[in-house]
Amino acid sequence: MSTPIVLKANNTVIPATLNDTVAALDFKKRLPFTVSGHRSAVDYCCTAASGVFDPAQTQSGWKNGDISLAGGWFAVLFDGEETSSSYRGMMIIAHIDEENLHLVKELPNSVRFTVELA
C-alpha cells in the first residue's frame, strides 16, 4: 500500500506518495528525514545514505516527479524523463504528481528538504 508523505522546503509543502518497494519501506522508518542539496537541469540532488533495497527493484530512467534514493543520492526528479533511460540503477521510492511539480520547479537553487508522513 502506498503512503502519503510531504516534502517541505522553505515555506513550500509538496505532497508525494511513497511506493511499496523495499527501499521505500526502509526509508519510511527514517522519517522525518532532512537533507540539503542543489538544483541541476533535471533534479535536486542531495547526498544521503541509500539504506536497504532490493536490486531487482531498480530501473533505468525515471518519470518526471519520481524521487530516488540510490548510490548515495536522494534525488527529486522534476524533468528529463524523455532522455533518462541511460541512467541505470535508479531506485525510485516515491512520486510527486504532475500537478504539484510546479512547486518543485519554483524552489531556489539550494534547498533543504524535510520529508515527513502526511
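This is a predicted model: local features need pLDDT of at least 70, side-chain atom pairs count only at pLDDT 80 or more; totals for chains, interfaces and linings use all residues.
Student: Which residue in S8 is the bridge partner of Thr-34?

Tutor: Strands are DSSP runs of E with at least two residues, numbered from the N terminus, and two of them pair if DSSP finds at least two bridges between them. Strand S3 (residues 33-39) and S8 run antiparallel and are joined by six bridges. Within this pairing, the partner of Thr-34 in S8 is Thr-114.

Student: Which residue in S4 is the bridge partner of Gly-37?

Tutor: S3 also pairs with S4, in the antiparallel sense and over three bridges, and a hairpin through three residues joins S3 to S4. Across that pairing, the S4 partner of Gly-37 is Cys-46.

Student: Which residue in S6 stands opposite Cys-45?

Tutor: S4 pairs with S6 as well, antiparallel and over five bridges. In that pairing, the residue of S6 that stands opposite Cys-45 is Ala-75.

Student: How many of the five residues of S6 are buried?

Tutor: A residue counts as buried under 20% relative accessible area, as exposed over 50%, and as partly exposed in between, with a 1.4 Å probe and protein chains only. By that criterion S6 is largely enclosed by the rest of the structure, because the number of its five residues that are buried is four.

Student: What is the volume of the largest pocket?

Tutor: On a 1 Å grid over the protein atoms alone, a pocket is an open set of points where a 1.4 Å probe fits, with protein on both sides within 12 Å along at least five of seven lines, and its lining residues have an atom within 4 Å of a point. Grid points are joined across faces, edges and corners, and the volume is the space filled by probe spheres set on the points. For the largest pocket this gives about 190 Å³.

Student: Which strand gives the most residues to the lining of the largest pocket?

Tutor: The lining includes Asp-43, Cys-45, Trp-62, Trp-73, Ala-75 and Leu-77, and the elements that give two or more residues to it are strand S4 (43-47), strand S5 (66-70) and strand S6 (73-77). The lining residues divide into eight nonpolar, two polar and two charged, where Ala, Val, Leu, Ile, Met, Phe, Trp, Tyr, Cys and Pro count as nonpolar, Asp, Glu, Lys and Arg as charged, and the others, Gly among them, as polar. The strand that gives the most, with three residues, is S6.

Student: Is the pair of Tyr-44 and Phe-78 stacked or tilted?

Tutor: Rings of Phe, Tyr and Trp (its six-membered ring) pair if their centres lie within 6.5 Å, and planes under 30 degrees apart count as stacked, over 60 as edge-to-face and the rest as tilted; the structure holds six such pairs. The ring centres of Tyr-44 and Phe-78 are 5.8 Å apart and their planes stand at 55°. The pair links Tyr-44 in strand S4 with Phe-78 in the loop between S6 and strand S7 (92-95), 34 residues apart. With that angle, the pair is tilted.

Student: What is the angle between the planes of Tyr-44 and Phe-113?

Tutor: Tyr-44 in strand S4 and Phe-113 in strand S8 (residues 110-117) are 69 residues apart, and both are buried. Their aromatic pair is edge-to-face, with 5.8 Å centre to centre and an angle between the planes of 85°.

Student: Which backbone oxygen does the side chain of Ser-84 reach?

Tutor: Ser-84 has its place in the loop between S6 and S7, and it counts as buried because its relative accessible area is 2%. At 3.0 Å, its side chain reaches the backbone oxygen of Glu-81.

Methods: Residues are numbered from 1 along each chain as its sequence is written. Side-chain values use heavy atoms; hydrogens and water are left out. A polar contact is a pair of N or O atoms within 3.5 Å; within protein, one must be able to donate a hydrogen and the other to accept it, and residues adjacent in sequence count only if both atoms are side-chain atoms.
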